[in-house]
Amino acid sequence: MQLAEIITERVRRVTATAKVALHEPCFRGRELAYVTECIETGWVSSVGSYVDRFERDLAAYTGAKHAVVVSNGTSGLQIALQLVGVEAGDEVLIPALSFVATANAVRHCGAQPHFVDSDEASLGIGIAALAEHLGQVAEVLAGVCRNKRTGRRIAAVVPMHTFGHPVDMPALLELAARYHIEVVEDAAESLGSTIGGRHTGTFGRCSMLSFNGNKIVTTGGGGAILTDDAALAKRAKHLSTTAKMPHAWAFYHDEVAYNYRMPNLNAALGCAQLEQIDGFLDAKRELTQRYLEAFSDLPHVRLFTERPGTRANYWLQTLLIAPELAEQRDAILAATNGAGQMTRPVWELLSTLPMYRDCASMATPVAQDLARRIINLPSSPQLIMGAV
Ligand SMILES: Cc1ncc(COP(=O)(O)O)c(C=O)c1O
């Protein structure tokens with residue numbers, strides 16, 4: 001049997017389903033009750049008790065002092081970057097291997113992505129390689145880090161916790177501090193993931209979560225900004241709420257801002273979903289065990305598992321094909337999808353997309369290698385928890 005057929009058969013064995021999606025939302029708690037309450041009371045839009053409650057619940061769950069919910073993760077990252085002072089013309093270090101929103105949020109600030117290579121052990125930013133790169137291209141003068149080649153300020157770095165696998169944040173914080181660079185985490189995929197027991201999204205000065213329909217917890221569409229800084233949280237709320245000065249009836253806005261608020265209807269869904277996250281996390285860990293068993297006798301593929309000292313949420317199950325068989329990736333994707341088992345490759349490197357091709361970039365050999373070898377497997381918690 002060809003590798004593609006063997007993998008298809010093993011995936012099918014784990015999912016035990018003829019047709020399965022990559023990741024589906026799982027509604028088995030109080031979603032309908034909370035959303036119905038919004039409709040019955042008329043509190044469906046941008047203010048309401050579920051918005052306040054979801055912000056409190058997220059802060060309590062992650063251990064962040066403040067959470068501000070927004071319309072989606074992309075808008076949340078844009079605001080988070082603005083909060084730490086990213087301005088038009090700056091450069092922001094981001095992984096070349098990420099979803100396009102990471103780069104788009106930088107551009108929405110008028111700044112430029114500066115692409116960073118990956119680390120094979122975490123799938124996130126390659127910190128040792130970044131340190132070497134900064135040693136060559138960056139200089140710090142009067143507390144400002146500059147790219148000597150482009151003349152631009154390097155204002156921030158955005159680690160992204162790929163598929164829920166945490167970046168080595170203590171090491172990155174140390175490097176960023178050395179270069180006077182702000183840290184903003186793209187924790188879109190890592191709600192429930194921790195490093196030494198501390199939640200991802202609480203290491204940077206600010207961070208962003210996403211509650212898109214495919215995430216571990218969904219609000220339909222939505223996001224949040226996390227920070228321990230009360231002043232930044234207040235400003236996040238202000239910027240995402242059209243910079244309206246609070247008043248019972250007067251409309252006064254003191255700067256150009258955004259309508260990036262999360263409606264109460266969506267926050268209601270989020271509250272009900274967050275109540276169930278422990279069950280989702282358990283199901284995903286059990287699914288990892290089943291995939292590990294199913295692939296244990298195949299020498300040419302490896303299921304990606306959490307690094308020691310970290311706990312991954314296993315948002316998307318990730319298979320790595322051996323480098324010498326990487327050219328079989330598309331055949332595996334075709335065979336699995338053809339058999340109703342939805343799999344997908346990782347994103348095209350952002351540094352190769354037409355709008356980002358000309359941006360600053362370090363050499364990205366690890367990211368290029370990973371991009372050829374990653375396949376995401378069906379990951380819904382229902383595969384363990386069963387249909388509702
Ligand atoms: C790594 C990453 N960054 C940013 C986003 C953007 O989040 P959203 O779709 O909520 O705008 C996503 C998810 O969609 C993501 O996976």
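Let's start with Glu9 and Arg13, which sit 4 residues apart in helix H1 (residues 3–15), so about one helical turn separates them. Helices here are DSSP runs of H or I with at least four residues, strands are E runs of at least two, and both are numbered from the N terminus. Glu9 and Arg13 form a salt bridge, with their closest N and O atoms 3.3 Å apart. By salt bridge I mean a side-chain nitrogen of Lys or Arg within 4 Å of a carboxyl oxygen of Asp or Glu. The structure holds 18 salt bridges.

A quick word on what you're looking at: this is a predicted model, where local features need pLDDT of at least 70 and side-chain atom pairs count only at pLDDT 80 or more, while totals for chains, interfaces and linings use all residues. Residues are numbered from 1 along each chain as its sequence is written, and side-chain values use heavy atoms, with hydrogens and water left out.

Now let's zoom out. The chain divides into domain 1 (3–24 + 277–385) and domain 2 (31–274), with bounds from an automatic or database domain assignment. Their centres, taken over C-alpha atoms, are 25 Å apart. Domain 1 brings 44 residues to the contact and domain 2 brings 50, where contact means heavy atoms within 4.5 Å. Together the two domains bury about 3,900 Å², 65% of it on carbon and sulfur atoms; that is the accessible area (1.4 Å probe) the two parts lose on being put together, summed over both.

On the side of domain 1 that touches domain 2, helix H12 (365–373) is among the elements supplying at least two residues, and H12 gives the largest share, 7 residues. There are also 2 salt bridges between the domains. The side chains of Glu120 and Arg302 meet in a salt bridge at 3.9 Å, N to O.

Finally, the ligand. It is surrounded by 16 residues, the closest being Gly73, Thr74, Glu189, Ser210 and Lys215; near means a heavy atom within 4 Å. A side-chain N or O atom of Thr74 is 2.5 Å from a ligand oxygen. For Glu189, a polar side-chain atom lies 2.6 Å from a ligand oxygen, and for Lys215 the distance is 3.0 Å.

Methods: A polar contact is a pair of N or O atoms within 3.5 Å; within protein, one must be able to donate a hydrogen and the other to accept it, and residues adjacent in sequence count only if both atoms are side-chain atoms.
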